[in-house]
Amino acid sequence: MKKDHDFKYTFELVPARASRGKALDDIISFAQKAVDDGILSALSITDNAGGHPALSPTALGREIQTLGITPIIHFSCKDKNRNLIESQLFELDRHGLRNLLVLTGDYPRYGYKGIPKPVFDIDSVVVLEMISQMKKGFLIDPRAPGGGTRLSPMPFRPGCVVSPFKRLEGELIGQYLKLKKKVESGAEYVITQMGFDARKFQELLFFMEEAGIDIPVYGTVFLPSPRLARAINKGVVPGCVLPDELLSRMESWKGPGKRDRLEFGARLIAVLRGLGYNGVHISGPGLAYEDVAWMINRSEAIKDLWWDFIGEFEFPHLWEFFLYEKDEKNGLNKRERTKTQRTKLPIGEYLSYRTSSFVHELFFEEGKYLFGPTKTLIRLLEKGGLNGVLTSFEKAVKAPLYECQMCGNCVLTEFAYLCPQSQCAKGLLNGPCGGSRDGWCEVWPGEKPCFYVRVYKRLRALEQQCTFLKHTLSPRDWEEWKRSSWVKVFLKKRVDKVPS
Ligand code: SF4
C-alpha cells in the first residue's frame, strides 16, 4: 500500500458556454476562495465537456493561474487536428499552463446550426508522445517548410484518464492496456473516470502495481445532483455507471447544504485514501467552495474508519468481470487474477478471420509463398500505367469485406481483420476511449458494439490477445487517403487515388 502522507485534493471546474456572466464569475470566486484557503492543490478545467461548446480552458486557466493556484488544463482530441493541437500546446507553454490532462474526449454534440464534424485526427496516446517530444526539445519534421530545427524544451506535466468501471472483460482489458501505452508515451499521473465501487477502485491499483506503473493515481469523487444522477443511471452520460440502489440513496439525500451528499463524498474520499490512492479529484455540479472544504475536512476526521465504509461502495452485480479474485473476508480483491474461459466465435466471424489470415499469409508476408510473384505482377501493372486499376481492384475487394474506406495505410492485421477506420466511431488506433457502456459504442448505444470489444473477443477466442495493443500506431497520413495500401506494401510507394 502507498503511504498517504501527501494526499492531494483537486477540484474540477466546468466553464460555461459564454465568455462572461454569473456562471464564470462564480468559478473565479470559487478559485479565489481555494487560493485563500489552501486545501486544494489544483483546479482542473474541462475542455468542451460532454462534447458541448464552452469557454476554452486556456482562457480560464490564465485567470486562475494569476490568482495563485495551479490550473490543470483538460486537453481533448475531439475538436482539433494535429496542427491545431501543436499550435495550442505552443500557446499553453507560452502562457505557462503546463499541467495537462490529455484525453480522447466525448463525441461532439449539438453546436452552431447542428452537429459539428468530429475530428479525432490523433488520439490521446499520440498527443502524449508529442508532448514528451516537446519536453525534450521538439524536432520539426525536416520535410516541413522550415523543418529540421529543434525547439527549446517545454516543461509540460501531462496526465491521463482510465476507467476501471467497465462491465465486460473486453472493455476493461482495453482500458488497462491503453493505460500502459499512455504511461509509456509520457503520462505522469492518472485520474480515474467517475465511479463508486471500492473493489473496482482497488483493482486499478493492483493492476498498476502488477504492470510496474509507478505514477501518482487520483480517484474521482463525483457528486451528481439528483437530476444528473438520474441521467447517468439511464446511461446517457458516456461511459458512466450509477446503479439503481445508489440512485435511491442519492434521491433521499437531505440536510443543510445537502449534508448527506457531502458525507457520502467524505466517506468515498476516506476509502480511496485507505486503499492507497495519492489523492482525489472532486467534481459535481452546484458544489460551493464551502461544501468542498467541509467534505475534505470531514474526510480527514473520519479517515481511520475507512474499512467501516467499504460496504457502502459495493455494487458487485454491476460488473460481469473483475480482473482479480474476490477476497471474501473484506469484499475487496485478492492478488490472484480471475481465471477466464475461452469463448467461441460465431462461425461466420471465425471463417472471416481465418480466411483473411490465410490470404494475408499467402500474398502479403514478405518472403513467403506468393509475395514475390504478386510483387512482380504489381510492378508490371504499375509500369504499364495501371495504378488506378489496382487501386479500384483493392477497393472492390475490401469494401464489401471490411467496409474499407481506403485510408491508404491498412492496419487490418493489427485488429483481427476488423477495420478501425470504418468500425470505430472515433477512428481510434491506439485503444478504446472511455465512452463504451455494457460493450456498446458511445455513439451508437444498443446498435453497434464497441470496436475494441469486438477485436478483443476475436483475439480472446483465438488465444491471440497478446498481440493486442502491443505497440503505438502512428496516426493516419491524410496524404494517403484513397490510395492503395496493397501497392504500398509491395512497392513501398504511393499510387494514384481511386477514381471517384
Ligand atoms: S484500415 Fe484503411 S485500408 Fe484497411 S480496411 Fe480500414 S480503411 Fe481500408
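Author: A salt bridge is a side-chain nitrogen of Lys or Arg within 4 Å of a carboxyl oxygen of Asp or Glu. The structure is a predicted model, in which local features need pLDDT of at least 70 and side-chain atom pairs count only at pLDDT 80 or more, while totals for chains, interfaces and linings use all residues. Residues are numbered from 1 along each chain as its sequence is written, and side-chain values use heavy atoms, with hydrogens and water left out.

Reader: How many salt bridges does the rule give?

Author: Side chains of opposite charge can pair when their charged atoms come close. Under this rule, the count of salt bridges is 28.

Reader: With which residue does the side chain of R460 meet in a salt bridge, and are R460 and its partner buried or exposed?

Author: The side chains of R460 and E169 meet with an N to O distance of 3.3 Å. This pair links distant parts of the chain, 291 residues apart, with R460 in helix 16 (residues 451-461) and E169 in helix 5 (residues 169-184); helices are DSSP runs (H or I, at least four residues), numbered from the N terminus. Buried means under 20% relative accessible area, exposed over 50%, and partly exposed in between (1.4 Å probe, protein chains only).

Reader: What is the N to O distance in the salt bridge of D6 and K8?

Author: D6 is partly exposed at a relative accessible area of 48%, and K8 is partly exposed at 27%. Their side chains meet in a salt bridge with an N to O distance of 2.8 Å.

Reader: Which residue forms a salt bridge with K368?

Author: K368 is partly exposed, with a relative accessible area of 33%. The closest N and O atoms are 3.5 Å apart, and the partner is E361.

Reader: How much space lies in the largest cavity?

Author: A cavity is a set of points on a 1 Å grid over the protein atoms alone where a 1.4 Å probe fits but cannot get out, and its lining residues have an atom within 4 Å of a point. A volume is the space filled by probe spheres set on the points, which are joined across faces, edges and corners. The whole structure holds five cavities of 30 Å³ or more. The largest cavity is lined by 15 residues, with C424, C433, C441, E442 and C450 nearest its centre, and its space is about 140 Å³.

Technical notes
On a 1 Å grid over the protein atoms alone, a cavity is a set of points where a 1.4 Å probe fits but cannot get out, and a pocket is an open set with protein on both sides within 12 Å along at least five of seven lines; lining residues have an atom within 4 Å of a point. Helices (H or I, at least four residues) and strands (E, at least two) are DSSP runs, numbered from the N terminus.
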